[in-house]
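Take a look at the model below. We will read it one feature at a time.

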Amino acid sequence: LNDAAKMEFTEEAFNFGTINRGEIIKHVFNFNNTGKQKLIIRKMSSTCGCTVSEPSAYEIDPGESGYISVTFNSTGKIGKQFQTITLITNDPRKSTKLLRVIGTVKNTGE
């Protein structure tokens, strides 16, 4: 375990506050591989098609950093939103990571 890859995020949740329906929110989650082996992102998925995520790379060398770019499209959404992005990695301490994007979507006329 001491030599394994280790994914550490600077933050694991982003609150976009209140936005109008139809707005698109973009956010970047930064992380570091503080382990001694290459970090591999094996799979990424989100709670709905309204949230798209893309890593800077699927393999991060020891001591290097990367990011997960997330885009939330509020078209067709209303009220409180709680979207999650699930990452499956080769970090044996916590192979599943959850990133959260939260906030409120209001009708344009409200």
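Q: Which hand does the link of Cys48 and Cys50 have, and what is the angle about the S-S bond?

A: A disulfide is a pair of cysteine sulfur atoms within 2.5 Å. Here Cys48 and Cys50 are joined, S to S 2.0 Å. The angle about the S-S bond is -45°, and the link is left-handed. The structure holds 1 disulfide.
This is a predicted model: local features need pLDDT of at least 70, side-chain atom pairs count only at pLDDT 80 or more, and totals for chains, interfaces and linings use all residues. Residues are numbered from 1 along each chain as its sequence is written, and side-chain values use heavy atoms, with hydrogens and water left out.

Q: Are Cys48 and Cys50 buried or exposed?

A: Buried means under 20% relative accessible area, exposed means over 50%, and partly exposed lies in between (1.4 Å probe, protein chains only). Cys48 and Cys50 are both buried.

Q: In what order do the strands of the open sheet run?

A: Strands of a sheet pair through backbone hydrogen bonds, either parallel or antiparallel. Strands here are DSSP runs (E, at least two residues), numbered from the N terminus. Two strands pair if DSSP finds at least two bridges between them. In this model, 5 strands form an open sheet in the order 2-9-8-4-6, with mixed pairing. Strand 2 (13-20) and strand 6 (59-60) are the edge strands, each pairing on one side only. Strand 2 pairs with strand 9 (residues 96-106) in the parallel sense over 6 bridges. Ile19 has Val105 in strand 9 as its bridge partner.

Q: Which side chains of strand 3 point to the buried face?

A: In a regular strand the side chains alternate between the two faces of the sheet. Along strand 3, Ile25, His27, Phe29, Phe31 and Asn33 point to one face and are buried. Val28 is partly exposed, at 36% relative accessible area. Strand 3 (residues 24-33) holds Val28.

Q: What does strand 3 pair with, and in which sense?

A: Strand 1 (residues 7-9) pairs with strand 3 in the antiparallel sense over 3 bridges. Met7 stands opposite Asn33. Strand 7 also runs antiparallel to strand 3, joined by 9 bridges. There, Val70 is the bridge partner of His27.

Q: Where is Ser74, and what lies around the polar atoms of its side chain?

A: A polar contact is a pair of N or O atoms within 3.5 Å; within protein, one must be able to donate a hydrogen and the other to accept it, and residues adjacent in sequence count only if both atoms are side-chain atoms. Ser74 sits in the loop between strand 7 (65-73) and strand 8 (79-89). Ser74 is buried, with a relative accessible area of 0%. A polar atom of the Ser74 side chain lies 2.9 Å from the backbone nitrogen of Gly22. The backbone oxygen of Asn20 lies 3.4 Å from a polar atom of that side chain.

Q: How many salt bridges are there, and which residues form a network?

A: A salt bridge is a side-chain nitrogen of Lys or Arg within 4 Å of a carboxyl oxygen of Asp or Glu. The count comes to 5. Lys38, Glu59 and Asp61 are linked in a network. Asp3 and Lys36 also meet in a salt bridge, at 3.9 Å, N to O. Asp3 lies in the segment before strand 1 and Lys36 in the loop between strand 3 and strand 4 (39-46), so the pair ties together parts 33 residues apart in sequence.

Technical notes: Helices (H or I, at least four residues) and strands (E, at least two) are DSSP runs, numbered from the N terminus.
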